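The following exercises ask for a careful reading of a protein structure.

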Amino acid sequence: MNFSLDTIPFGIFSVKNRRKKVATIIENQVVDLAELAHLGYFDALKIPKRVFTNDYLNDFISLGKAKTNAVRAHLKELLKQPTQLPASVFHEVADVLLHLPVKIGDYTDFYSSEQHATNVGMMFRDPDKALLPNWKHLPVAYHGRASSIFVSGTNFHRPKGQLCPDESQPPFFSPTKRLDIELEMATVIGKTNPIGQAIDVNKAEEYIFGFQLFNDWSARDIQKWEYVPLGPFLAKNFFSSVSPWVVPIEALAPFQVASEEQTPPVLPYLQEKNRHFFDVELEVILQTASGTEIKLCHSNFKHLYWTVAQQIAHHTVNGCNLNVGDLLASGTISGKEPDSFGSLLELTWGGKKPILLPDGTERRFLEDFDTIIIRGYAEKEGVRVDFGEVRNTVLPAV
């Protein structure tokens, strides 16, 4: 990881169980923004010092982009000469605890990768009709559970639920045998729209504070039995995980890439004047209990059909009000090449094509004590923006 001046993300940290505070990171040094504020470095910006001594970033985000971008610009200048700053503002990343950065009020999970939706449709429906009729007309999504989203480094127990692999037989209760990951990006909402007021697709990015890496852990066998007719429930709500640093959308301005025209044309409220994605490289690594590692996939944030702006416009077109700190996940990000598929469900094609590990063992789905690491970065012409990582280990069912 290389947190350069091009990134300047925001997060929450603490030292030795002391108060949580707002921070950024440069290389491997966590920078205490509360201490900088206490020493007067932000006085000219007229920001209340209490905003920087907080359990979450929500109050900081609520200051608005004029203030938060000013803080980020000021930090860029200050950190060009870090030796000029007091040593008390710096902490080695190994010496601090990084916490869930945002208090998440509501969480929505989209389904915005055409390749992922096609792959799943081919496996579970007619391969010639993999996409359902609505898929290319609206960004499909469901409301998830915010309380079970945790920060990188939090481990979790294998979930249990009803399984019914043979529908000619009754279901039974068991730990999931098909534990999976989903490579996603999360959008952090930075501005509220009043109830009843839709957000214009061409102004939607004004409502984005930033992005995080996101792993939407899934129990595929539980999901298969429960999802008709209302969609995922226990297969998803047991645990999801995010990276500890929120990268402001402004950091990704150099990495905008034009997107292909949507066919068939979408309805007017989803039509964008400047339709674009973000070129962010993503990778998923599996680490076994014995330390064996293998890269499962290499994908990219741009491998989506529906843009984040379209997700926001559709989410609010009925008058739904978003709040600061709400999280919108992209859905599994899969490219066209098999090594870019963002889930084990796709990589092993439903478990039919096991992945051979360097130590000679195989994986169809995850085993106890497997660790999954997702990393992300954007790099172009000497500019690099790093997202860090989200890392979690599967513990046995209890």
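A residue is called buried when its relative accessible area is under 20%, exposed when it is over 50%, and partly exposed in between (1.4 Å probe, protein chains only). Helices (H or I, at least four residues) and strands (E, at least two) are DSSP runs, numbered from the N terminus. The model is predicted, so local features need pLDDT of at least 70 and side-chain atom pairs count only at pLDDT 80 or more, while totals for chains, interfaces and linings use all residues. Residues are numbered from 1 along each chain as its sequence is written, and side-chain values use heavy atoms, with hydrogens and water left out.

**Exercise 1. Determine which residues of helix α6 are buried, and what they pack against.**

Step 1. The buried residues of α6 are Val 308, Ala 309, Gln 310, Gln 311, Ile 312, Ala 313, His 315 and Thr 316.

Step 2. Helix α6 covers residues 308-316, and eight of its nine residues are buried, so the rest of the structure largely encloses the helix.

Step 3. Contact means heavy atoms within 4.5 Å. The strands against which the buried residues of α6 pack are β6 (107-110), β7 (141-143), β13 (183-189), β14 (208-215) and β22 (327-329).

**Exercise 2. Describe how strand β2 pairs with β1 and with β3.**

Step 1. Two strands pair if DSSP finds at least two bridges between them. Strands of a sheet pair through backbone hydrogen bonds, either parallel or antiparallel.

Step 2. Three bridges link β1 (residues 11-14) to β2 in the antiparallel sense.

Step 3. Ala 23 stands opposite Asp 32 in β3. In this hairpin, with two residues between the strands, Glu 27 takes a positive phi near 55°.

Step 4. Strand β2 (residues 21-26) has five of its six residues buried, so the rest of the structure largely encloses this strand.

**Exercise 3. Find the edge strands of the open sheet of five strands.**

Step 1. The strand order is β9-β26-β25-β20-β21, and the pairing is mixed.

Step 2. The edges are β9 (156-157) and β21 (293-300), each of which pairs on one side only.

Step 3. Strand β9 runs parallel to β26 (residues 383-395), and two bridges join them. Here His 157 stands opposite Leu 395 of β26.

**Exercise 4. State the volume of the largest pocket and describe its lining.**

Step 1. On a 1 Å grid over the protein atoms alone, a pocket is an open set of points where a 1.4 Å probe fits, with protein on both sides within 12 Å along at least five of seven lines; lining residues have an atom within 4 Å of a point. Grid points are joined across faces, edges and corners, and a volume is the space filled by probe spheres set on the points.

Step 2. The volume of the largest pocket is about 1200 Å³.

Step 3. Its lining has 43 residues, and those nearest the centre are Tyr 111, Val 120, Phe 124, Gln 223 and Tyr 227.

Step 4. Ala, Val, Leu, Ile, Met, Phe, Trp, Tyr, Cys and Pro count as nonpolar, Asp, Glu, Lys and Arg as charged, and the others, Gly among them, as polar. The lining of the largest pocket divides into 25 nonpolar, seven polar and 11 charged residues.
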